[in-house]
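This report walks through one protein chain, from the overall fold down to single residues. Please keep the sequence and the 3D view at hand.

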Amino acid sequence: AAGGGAGEACRGGALLRLLHERRAAIAGDDESVALYDYLLRASATPFFEMLRGWVYRGECDDPYGEFLVREAPSVAKEGLTTEYACAYWQKRFTLAPAQVRRRYGPRLLHPPPLHSSPPHRPPLPHPQVPLFLESLATKILEAGKYLHTIRECGRSPENPMARSATPPLQYSTDTRELGAAIEAAHKWAAAELMRELMVGGRLME
């Protein structure tokens, strides 16, 4: 684990965010960049397994609180038919809040000297969201919500890409690849939810 100060540690999405920030801060140092790329690929493996489970099947399997989505199991689907912006959609699954409180700015590799004051920066709203997924976070959240809603109605949806020998949703420094994979997953999940509403009708039961 890594952290921004003594006694702090981060894991999962927060760790990926930190590694990505530090990699960006040392651009031009090929040896260090290669090391951070290796650490990012290794650290991203379990995170992306959770990500594929979420956007391809609507499963939030996160026993250690490392994923970018948080579940509130006490919030049920009651009220879904009467109000779109109901408690289920707003509260059952949300983007994860801060895992650790970071004292130092994201670009600093080391804490400042003891005689200096830490720079003031506004807190990150969702530091569990890796920087390279930040612009995709809303679609990631929605895709999984759509599929989980279907799961609560008795069906187990699974995007065909989940069974691909080489799933497109893997860690990559090319954000365009990640964006295309998330966009495709979101489109498939939205279509499945619409089909459930129009054909299955189980959401109305």
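## Ground rules

A contact here means heavy atoms within 4.5 Å. Among contacts in the chain between residues at least 6 apart in sequence, 69% join residues at least 24 apart.

The model is predicted, so local features need pLDDT of at least 70 and side-chain atom pairs count only at pLDDT 80 or more, while totals for chains, interfaces and linings use all residues. Residues are numbered from 1 along each chain as its sequence is written, and side-chain values use heavy atoms, with hydrogens and water left out.

## Overall layout

The chain holds five helices and two strands. Both kinds of element are DSSP runs numbered from the N terminus: helices are H or I with at least four residues, strands are E with at least two. Read from the N terminus, the order is α-α-β-α-β-α-α.

Of the 205 residues in the chain, 40% are buried. Buried means under 20% relative accessible area, exposed means over 50%, and partly exposed lies in between (1.4 Å probe, protein chains only). The accessible surface of the chain is about 11600 Å². Carbon and sulfur atoms account for 54% of that surface. These areas come from the Shrake-Rupley method with a 1.4 Å probe; for residues, only the protein chains shown count as cover.

In soluble globular proteins, nonpolar side chains tend to be buried together.

Take Leu-133. Not counting residues up to four places away in sequence, Leu-133 touches Phe-47, Leu-51, Leu-68, Ile-140 and Leu-178. Leu-95 sits in strand β2. At 16% relative accessibility, Leu-95 counts as buried.

## Where α2 meets α4

How do the axes of α2 and α4 cross? Helix α2 (residues 30-57) and helix α4 (residues 137-152) have axes that come within 6 Å and cross at roughly 60°. Axes are lines fitted to C-alpha atoms, for helices over the stretch in contact, and angles run from 0 to 180 degrees between N-to-C directions. The two helices are therefore oblique to each other. Angles under 35 degrees count as roughly parallel, over 145 as roughly antiparallel, 65 to 115 as roughly perpendicular and the rest as oblique.

On the α2 side, the contact includes Leu-51 and Trp-54; on the α4 side, it includes Ile-140 and Ala-143. Ala-143 is buried, at 0% relative accessible area. Its C-alpha atom lies 7.7 Å from that of Trp-54, 89 residues apart in sequence. Leaving out residues up to four places away in sequence, Ala-143 touches Val-55, Ala-185, His-186 and Ala-189.

## An exposed lysine

Lys-91 is in helix α3 (residues 87-92). At 54% relative accessibility, Lys-91 counts as exposed. Beyond its neighbours within four places in sequence, Lys-91 is in contact with Ala-72 and Val-75.
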